[in-house]
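Welcome! Take a moment to look over the chain below, and then we will walk through it together.

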Amino acid sequence: MKRALLVLVLVLSGCGVQPSDPIGGSQATGALIYLIRTYDNTLVPILRPTKHQTPADAALTMLAQFQAEQTSGYRNEVPTEAELMTVNGSTVTVPIDVTSLSTLATQQIVCTAAVPGPVTLVGGGQSRGPLTCPV
C-alpha cells in the first residue's frame, strides 16, 4: 500500500518543470546546393554549413567547387571551370559554354541559383532557357 501511495505521489507531482514560452534562436545559416544522389540520379538539396547567410553567387561557387565524396552518396556534374558564376535577376552567367553542360548540371545550377521563376543560363556566347528547377 505504501508503495502504491508513493507512486501516486510521484506521478501527481510531475517533474517540476514549469511551462514556458518558446525560446528564440538564430536563423540557420548555410548554402543550399543541389547535388545528384548517386544511386538513383535524383537531384536533391544539401545544406552546406556557413557562418553567414549565403547569397546565390556564393552558393553557385560552392556547387562548382564540390568534389564528390565517394562515401557521401552524392555527385556533381557542374565542372570546376564554371566556378565563377554570377546571378543578375533571373540570369545566371556561367564562364563556359552553357551548351556543354549536361542536363543534370544545368538543373543543379538552376536550382542552386534559387531564383523565383524561370532562369536563363548565359555563357560562351550561348544561352539556355528559360529553365525552372524540377525539384
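At what angle do helix 2 and helix 3 pack, and how far apart are their axes? Helix 2 (residues 56–65) and helix 3 (residues 103–113) pack at about 150 degrees, and their axes are 9 Å apart. Here the axes are lines fitted to C-alpha atoms, for helices over the stretch in contact, and angles run from 0 to 180 degrees between N-to-C directions. Helix 2 is therefore roughly antiparallel to helix 3, a label used for angles over 145 degrees.

A word on the model itself: it is predicted, so local features need pLDDT of at least 70 and side-chain atom pairs count only at pLDDT 80 or more, while totals for chains, interfaces and linings use all residues. Residues are numbered from 1 along each chain as its sequence is written, and side-chain values use heavy atoms, with hydrogens and water left out.

**The whole chain**

The chain has 3 helices and 7 strands, in the order α-β-β-α-β-β-β-α-β-β from the N terminus on. Helices (H or I, at least four residues) and strands (E, at least two) are DSSP runs, numbered from the N terminus. Of the 135 residues, 27% count as buried, meaning under 20% relative accessible area, with over 50% called exposed and anything in between partly exposed (1.4 Å probe, protein chains only).

**Where the two helices meet**

Which residues form the contact, meaning heavy atoms within 4.5 Å? The table shows each side.

| Helix | Residues in the contact |
|---|---|
| Helix 2 | Ala56, Ala59, Leu60 and Leu63 |
| Helix 3 | Gln108, Ile109, Thr112 and Ala113 |

By class, this contact of helix 2 with helix 3 has 6 nonpolar, 2 polar and no charged residues. In this scheme Ala, Val, Leu, Ile, Met, Phe, Trp, Tyr, Cys and Pro count as nonpolar, Asp, Glu, Lys and Arg as charged, and the others, Gly among them, as polar.

Now look at helix 2 on its own. Its buried residues are Ala59, Leu60, Thr61, Leu63 and Ala64. The cover over these buried residues includes strand 1 (31–37), strand 4 (86–88), strand 5 (91–93) and helix 3.

**A closer look at glutamine 107**

Leaving aside neighbours within four places in sequence, glutamine 107 is in contact with Leu43 and Pro134. Glutamine 107 and leucine 43 are 64 residues apart along the chain, yet their C-alpha atoms are separated by 7.9 Å.

Key
Parallel < 35°, antiparallel > 145°, perpendicular 65-115°, else oblique. Contact = heavy atoms within 4.5 Å.
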